[in-house]
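Student: I have a chain open and want to talk it through. Can we start with the charges?
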Amino acid sequence: MNGEPEVHEEFEARLKAYEGRPAAATGVGRDPVNEPMIRHWCEAMGDTSPAYTGPDAIAPPTMLQAWTMAGLSHRPERTAAYDELLRLLDESGYDAVVATDCEQEYLRPLRPGDEITFDSVIESVSDLKTTKLGAGHFVTTRTDIRAGGELAGTHRFRILKYAPARRSRRPKELRPRPVINRDNAGFWEGVARHELLIQRCTGCGDLRFPWLPGCNSCGCLEWDTVEASGEGTVYSYVVMHHPPFPAFEPPYAVGLIELAEGVRMVSNVVGVPYDKVRIGMPVRLEFRRYDDALVLPVFQGVTR
């Protein structure tokens, strides 16, 4: 098809013929439902419900897919039918893919000791849809999860196979402007002078960031500022890949920086490849001009 999407009734019928066919071989959960995984999940999610502990504990319903995951080194076997469907879409010009959403239905609670089996089918292939990304077809697979042979829940996973829309050249977008108000105006005035100012409560001496009208510790409304030394470390970080935002060029690292003074702030980590950023990495403040009206504090990664 020379990369051009194929669109006609016969093609739509060929896609629909895959509905109801298996998408993956019938699988068995690598482990029974178990208390350690439930505990790890609850700790990660901050879920303290008493229903998930004790002798009558159940697994959080949202763990449904966790019991079917094969792990990084054991990928589930896709069926020939599912591979054929994806290849047909690829060859017809719909060769880009993005996961769009998933939905779960819970029919009975899972309990420690339950043995899990599951199977997956191609539930639906949509008609041609036009999206911001491009025109394409939504492919939905449905996985039925069973415990002891009894249906416990379903997990639907939906992807969009699409032909990327052609984008016209547009002027380079400006970065978003910071929202400046009476509570933080002093901070941005400091940035304009290439100073990173931290509020200090004159009542108890606590430092605080971001700027606030009063002290969280003692409630005092009076404050002054101290200038940060500019030294810090990466306390946590994320690497932004998607979705793209105007004026930003992914991938890039956004860090939660712990300053030497003890407060933390969010900013870009620059000067090192995004995949070299690490928790604990030393960083040093710099001020970067993005356009005639915008200067921002960012942090240069220091490699050893």
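Student: How many positive and negative charges does the protein chain have, and how far apart are their mean positions?
Tutor: This is a predicted model. The protein chain carries 35 positive and 43 negative charges, and their mean positions lie 4 Å apart.

Student: OK, overall dimensions. What does the C-alpha trace span along its principal axes?
Tutor: About 70 × 60 × 40 Å.

Student: And what is the radius of gyration, next to that of a compact globule of 304 residues?
Tutor: The protein chain has 26 Å, whereas a compact globule of that length would be near 19 Å.

Student: What share of the residues is buried?
Tutor: Of the 304 residues, 37% count as buried. The accessible surface comes to about 18,200 Å², and carbon and sulfur atoms make up 52% of that surface.

Student: Switching to secondary structure. How many helices and strands?
Tutor: Four helices and 14 strands.

Student: Which residues have the most contacts inside the largest nonpolar core?
Tutor: That core has 26 residues, and the ones with the most contacts inside it are Leu-196, Val-234, Ile-257, Leu-259, Val-269 and Phe-299. Elements that each supply at least two core residues include α4 (185–192), β7 (197–201) and β11 (252–259), along with β12 (264–270), β13 (282–291) and β14 (294–301).

Student: Which of these gives the largest share?
Tutor: β14, with four residues.

Student: Take Val-269. What does it touch, leaving out residues up to four places away in sequence?
Tutor: Val-269 touches Val-234, Ala-253, Gly-255, Ile-257, Val-277, Phe-299 and Gly-301.

Notes:
Residues are numbered from 1 along each chain as its sequence is written. This is a predicted model: local features need pLDDT of at least 70, side-chain atom pairs count only at pLDDT 80 or more; totals for chains, interfaces and linings use all residues. Side-chain values use heavy atoms; hydrogens and water are left out. A nonpolar core is a set of buried Ala, Val, Leu, Ile, Met, Phe, Trp, Tyr and Cys residues joined through side-chain atoms within 4.5 Å. Buried means under 20% relative accessible area, exposed over 50%, partly exposed in between (1.4 Å probe, protein chains only). Contact means heavy atoms within 4.5 Å. The radius of gyration is taken over C-alpha atoms; the globule rule is 2.2 Å times the number of residues to the power 0.38. Accessible areas come from the Shrake-Rupley method with a 1.4 Å probe; for residues, only the protein chains shown count as cover. Lys and Arg count as positive and Asp and Glu as negative; His and the chain ends are not counted. The place of a charge is taken as NZ of Lys, CZ of Arg, CG of Asp or CD of Glu.
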